[in-house]
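Visitor: I would like to go through this structure step by step. Please show it first.

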Amino acid sequence: MANAALRNVKVLPNSANMEEARHRVFEFFRTACRLLPSVMEIYNLYDVVSVSELRSSVASQIRNNIHVTDPKVIDMLLFKGMEELENVVDHSKQRHHIIGQYVVGRQVQDSATKDPGTSTFLKNFYNTNYF
């Protein structure tokens, strides 16, 4: 079922302008969200993560490239995203790959944005002449 839905979606060669590229990004997001329940079923992720958490992970992956304004670069990123989605749906990855990339990887990335030098011990350690 998931493979049939994925076969109908194709990334066309080039977007003519930013509006068309933006439309393609939204179509890719909709396709990915439609396939998430089957991904949950394929990899048996019900005990680890919910569909809404996976959806927010996909959305954050897309938002990481919000600064890109060249339609050709956006098309290339969409091609890579479709390739990744196809690998996930075709079961080319194992369960721990999915958990590491989209469940735990997101949490580690969020914690990395915090200030690492908040403890006084680390501040004193960084200020020493041992480097």
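Visitor: How many helices and how many strands does the protein have?
Guide: This is a predicted model. From the N terminus on, the elements run α-α-α-α-α-α. The count is therefore six helices and zero strands.

Visitor: What share of the residues counts as buried?
Guide: A residue is buried when its relative accessible area is under 20%. The protein has 131 residues. Of these, the share that counts as buried is 29%.

Visitor: What share of the contacts with a separation of 6 or more comes from residues 24 or more positions apart?
Guide: A contact here means heavy atoms within 4.5 Å. Among contacts in the protein with a separation of 6 or more, residues 24 or more positions apart account for 71%.

Visitor: Is Gly81 buried or exposed?
Guide: Gly81 lies in helix H4, residues 71–89. Its relative accessibility is 17%. The cut-off for buried is under 20%, so Gly81 counts as buried.

Visitor: Which side chain does Arg24 join in a polar contact?
Guide: Arg24 has its place in helix H2, residues 18–43. Arg24 counts as buried because its relative accessibility is 12%. A polar contact of 3.3 Å joins its side chain to that of Ser15.

Visitor: Why does the span of helix H3 agree with its number of residues?
Guide: Helix H3, residues 51–63, has 13 residues. The expected span is 1.5 Å times one less than the number of residues, so H3 should span 18 Å. The end C-alpha atoms agree with this, as they are apart by 18 Å.

Visitor: Which residues of H3 are buried?
Guide: Buried again means under 20% relative accessible area. In H3, the buried residues are Leu54, Ser57, Val58 and Ala59.

Visitor: Is Phe121 buried or exposed?
Guide: Phe121 is in helix H6, residues 120–127. Its relative accessibility is 61%. Exposed means over 50%, so Phe121 counts as exposed.

Visitor: What accessible area do Phe121, Phe125 and Tyr126 have together?
Guide: These three residues, Phe121, Phe125 and Tyr126, form a nonpolar patch on the surface. Together, their accessible area is about 360 Å².

How values were computed. Residues are numbered from 1 along each chain as its sequence is written. This is a predicted model: local features need pLDDT of at least 70, side-chain atom pairs count only at pLDDT 80 or more; totals for chains, interfaces and linings use all residues. Side-chain values use heavy atoms; hydrogens and water are left out. Helices (H or I, at least four residues) and strands (E, at least two) are DSSP runs, numbered from the N terminus. Buried means under 20% relative accessible area, exposed over 50%, partly exposed in between (1.4 Å probe, protein chains only). A polar contact is a pair of N or O atoms within 3.5 Å; within protein, one must be able to donate a hydrogen and the other to accept it, and residues adjacent in sequence count only if both atoms are side-chain atoms. Patches are made of residues with over 30% relative accessible area and no salt bridge: like charges are joined within 9 Å, nonpolar side chains (Val, Leu, Ile, Met, Phe, Trp, Tyr) within 5 Å. Accessible areas come from the Shrake-Rupley method with a 1.4 Å probe; for residues, only the protein chains shown count as cover. A salt bridge is a side-chain nitrogen of Lys or Arg within 4 Å of a carboxyl oxygen of Asp or Glu.
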